[in-house]
2 protein chains.
Amino acid sequence: MKKRVTLKQIATELDVSVSTVSKALRNSKEIGQDTKDKIQAFAKFYNYKPNSIAISLQNRKTKNIGVIIPEIVHHFFTTVVSGIEKVANEAGYNVIVCLSDESFDKEVINMETLANSSIDGFIISLSKDTQKRKDFHHLREAINQGMPLVMFDRVSDEIYCDKVIVDDAQGAYKAVKYLLDTGCKRIALISTTDYLSVGKLRTMGYKNALADFGIPFEENLIVKIDDINFCQEPIAELFEREKFDGVLSVNEIFAVSAMREAIQRGFKIPEDISFIGFTDGMLSKHFYPRLTTVNQHGLQMGEIAARMLINKLEELEDDENYHTEVLKTTIVERESTRPY
Amino acid sequence: MKKRVTLKQIATELDVSVSTVSKALRNSKEIGQDTKDKIQAFAKFYNYKPNSIAISLQNRKTKNIGVIIPEIVHHFFTTVVSGIEKVANEAGYNVIVCLSDESFDKEVINMETLANSSIDGFIISLSKDTQKRKDFHHLREAINQGMPLVMFDRVSDEIYCDKVIVDDAQGAYKAVKYLLDTGCKRIALISTTDYLSVGKLRTMGYKNALADFGIPFEENLIVKIDDINFCQEPIAELFEREKFDGVLSVNEIFAVSAMREAIQRGFKIPEDISFIGFTDGMLSKHFYPRLTTVNQHGLQMGEIAARMLINKLEELEDDENYHTEVLKTTIVERESTRPY
DNA sequence: TTTAAACACTCAACCGTTTTCGTAAAAACT
DNA sequence: AGTTTTTACGAAAACGGTTGAGTGTTTAAA
């Protein structure tokens, strides 16, 4: 087990000063060519690698970016992380991932530990808990300390920073329009409880589309599910209670649960009922029938978020101009809807 | 924007020395009570937090652990990361996640950048590429430099370190036994190409089970799929070519693709054909019919891996005893098989 | 020949902590 | 009063680098 070599060791070994070694390795013109050659050869031989901690301490940059997400066993979030990783790595940054587990407290703790000079900036998507409480002091604090911050997907209006979101309302709108255009008359919505920004926005888009196309809105056609692990029952109730020929779901799981219910009740998909979901994940791609979905472009979202953050980190004068990038959703047509 | 306070600033402000401040904040008995009170109050007021970089430099510990996985948009790996995060956080460690993208080169680069004092130890699952090449010099190097290393799931015999794996062979064995016990006579296997350790092991388990139960092994009943994105065709061929009443798949996607094929061809599941898959993810839980699977206990695997690593990091004398933890798989019974 | 510039390197400060050692003053003993 | 022991604090080195200013030597220009 040979430990890493340090500048000092090279210096004593070669009988020069530490600064000479440092400069030689950075190819400074202050150092004579033969000395440089000698030092560089020696360093290469002993596989010298500068200690990144020391460098971080020196220039107060860590080249780490902190990513805080509510959950990691989750298709959308991992897609975003993928995108972040990609551009971060290309720019020489490492990604430290923390999970808030949808809890406000964990989110705060994570931010605080990371903020103690572990990272140069944050990328975060808020936990449900935080969105419910509307307590954003931890974000404000980070910003106050000059720590750049980019929010994605689950964002807050109350915080002034760079953001990347998808146009959830418009995505839902497009989905409803799609269903209508392919012949649906009565469209149900399976959504989450309202405190989640995305649930609210998608519901809005649904309502707007109905309004625009002259279809009366019926509260009864909406089912709001709180716990994703118990979605079968409320969905079954919906089928019991109402007749409809189109379903928009706020996520994949609700969508396939609804399709399961439909199949069991003898409906043909998409002939009798069409389905569209959000989140273009495994389930959408592989369910039978494959699910038409509103794609949220998670990868791109991650890439943009990372790019925004890194720009802020590397610009010389810090401008206080923040900007919200709104991604357009697209509809991925598959087997659960009639062809357009 | 108020920057963080440092010991030095507190010291000059309060007209004491830096060491006094440091000691006062760590509640050293060397410092008089009133001085301590004064300093602590001041520090609290200005929200002093020690700079973790400086501390890392000092004691050559970063309290970060590096996790290298092939992919992050992947149920099993994220489950493992979840487990790692959990125990790491409890022990005060941050998790730096790097993706190898199944590429040897990226794996090497990731390890090298992390090894330059960004982390205290590694947890890694090998990329396909690395397993194919059998080049493990980067792992050896890390170990040589005294960097503890824990491997999980996709491991190598050639490296001597702590490991956590599931008993893949036995999992496949149990699955085949399950199918046999519930009345299947002819069982097909949908696997990956052989260089992947897990594919090989599961195939072995399949063969062993057949042998043990006196069933002749038929090469024709195995289909090996290379690219997960083009699995439908080879599966269709299998259905064309052979008759069988049980299918074991090496992952979820192959399993549901096979079920799709079966349904389309008018087979009833599980009456005509039973299915068992590996990886207990979204698809298994929500497909219609829900898939009986071999659970690999990813969460537990992550927890154990993290615990092993942290033990190595925190033990005083480093013992060179490494140990491989083998997790037992369990079968999660659902709708794609007949009741036991 | 004098003087300045170029060269090749070293010194020392600095980043923010921790920690060992030293020491003056106060307190507790002869 | 003299000696030892505490108490309370400061100086400085160390962690591993970077960097600007300084210094002695060589070389080129005046």
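Me: Of the atoms of DNA strand D within 4 Å of the protein, what percentage belong to sugar or phosphate?

Reply: In this predicted model, local features need pLDDT of at least 70 and side-chain atom pairs count only at pLDDT 80 or more, whereas totals for chains, interfaces and linings use all residues. Residues are numbered from 1 along each chain as its sequence is written, chains are lettered from A and ligands numbered from 1 in the order in which they are written, and side-chain values use heavy atoms, with hydrogens and water left out. As for the atoms of DNA strand D within 4 Å of the protein, 55% belong to sugar or phosphate, and the rest belong to bases.

Me: Which residues surrounding DNA strand D are the closest?

Reply: A residue is near a strand if one of its heavy atoms lies within 4 Å of it. Here 28 residues surround DNA strand D, the closest being Lys23(A), Gln58(A), Thr20(B), Lys23(B) and Thr35(B). By class, this surface has 9 nonpolar, 11 polar and 8 charged residues, where Ala, Val, Leu, Ile, Met, Phe, Trp, Tyr, Cys and Pro count as nonpolar, Asp, Glu, Lys and Arg as charged, and the others, Gly among them, as polar.

Me: What area is buried between chain B and chain A?

Reply: The size of an interface is often given as the accessible area lost when the parts come together. Buried area is taken with a 1.4 Å probe and summed over both parts, and between chain B and chain A it is about 5000 Å², of which carbon and sulfur atoms give 55%. Within chain B, Ile53(B), Arg260(B) and Tyr288(B) lose the most area to chain A, together 14% of what that side buries. Counted by contact (heavy atoms within 4.5 Å), 55 residues of chain B meet 54 residues of chain A.

Me: How many salt bridges are there between chain B and chain A?

Reply: A salt bridge requires a side-chain nitrogen of Lys or Arg within 4 Å of a carboxyl oxygen of Asp or Glu. The count between these chains is 2, and the side chains of Arg260(B) and Glu335(A) meet in a salt bridge with an N to O distance of 3.2 Å.

Conventions
Buried area = accessible area lost by both parts, 1.4 Å probe.
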